[in-house]
Amino acid sequence: MSEVTTYQDGYTSENSIALIWCIDDVQYALDGMKDREWFINKYGHTVKLTDDDCMDILSDVKRNHDASLGVSWDTLEIYIDEFLMSEY
């Protein structure tokens with residue numbers, strides 16, 4: 001059997017699963033958005049997110065998570081756009 005991973009609140013890899021989204025995922029989603037015409041028209045070519053910005057976005061995703069919809073790349077893009085609208 002593989003090593004047991006401890007998540008939090010008594011949850012481990014023996015009794016649950018955890019899906020992880022990280023800063024790199026937010027940066028990857030942003031990179032994919034930068035080539036789209038609507039994005040360029042709205043924000044230009046030089047948009048950058050700091051690690052703190054990415055964590056703010058991930059925190060918003062977690063706080064507003066709807067388990068019936070889940071989290072996807074589209075979800076990250078929506079939250080990135082919302083974050084950028086509040087910053088620019």
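**View 1. Burial and overall form of the predicted model.** Of the 88 residues of the protein, 26% count as buried. The model is predicted. It holds 4 helices and 0 strands, in the order α-α-α-α along the sequence. The radius of gyration is 16 Å, well over the 12 Å that the globule rule gives for 88 residues, so the protein is more spread out than a compact globule. Along the principal axes, the C-alpha atoms fill a box of roughly 50 × 25 × 20 Å. Among contacts with a separation of 6 or more, 57% join residues 24 or more positions apart.

**View 2. Surface and charge.** The accessible surface of the protein comes to about 6500 Å². Carbon and sulfur atoms make up 50% of that surface. The side chains include 6 positive and 19 negative ones. The centres of these two sets lie 6 Å apart.

View 3. I80 belongs to helix α4, which spans residues 73-87. The relative accessible area of I80 is 0%; this is under 20%, so I80 counts as buried. Leaving aside neighbours within four places in sequence, the contacts of I80 are V26, A29, L30, M33, L49 and I57. K34 lies 46 residues from I80 along the chain. The C-alpha atoms of K34 and I80 are separated by 11 Å.

**View 4. The W21–W73 ring pair.** The whole structure contains 5 aromatic pairs. One of them joins W21 and W73 in an edge-to-face arrangement, 5.0 Å centre to centre with 85 degrees between the planes. This pair links distant parts of the chain, 52 residues apart. W21 sits in the segment before α1 (23-33), and W73 in helix α4.

Methods. Residues numbered from 1 in each chain as written. Predicted model: local features only at pLDDT ≥ 70, side-chain atom pairs only at ≥ 80, totals over all residues. Heavy atoms only, no water. Helix = DSSP H or I, 4+ residues; strand = E, 2+ residues; numbered from the N terminus. Buried < 20%, exposed > 50% of the residue type's maximum accessible area, 1.4 Å probe, protein only. Contact = heavy atoms within 4.5 Å. Phe/Tyr/Trp six-rings, centres within 6.5 Å; stacked < 30°, edge-to-face > 60°. Rg over C-alpha atoms; globule rule 2.2 N^0.38 Å. Areas by Shrake-Rupley, 256 points an atom, 1.4 Å probe, with all protein chains shown as cover. Lys, Arg positive; Asp, Glu negative; His and termini not counted. Charge placed at Lys NZ, Arg CZ, Asp CG, Glu CD.
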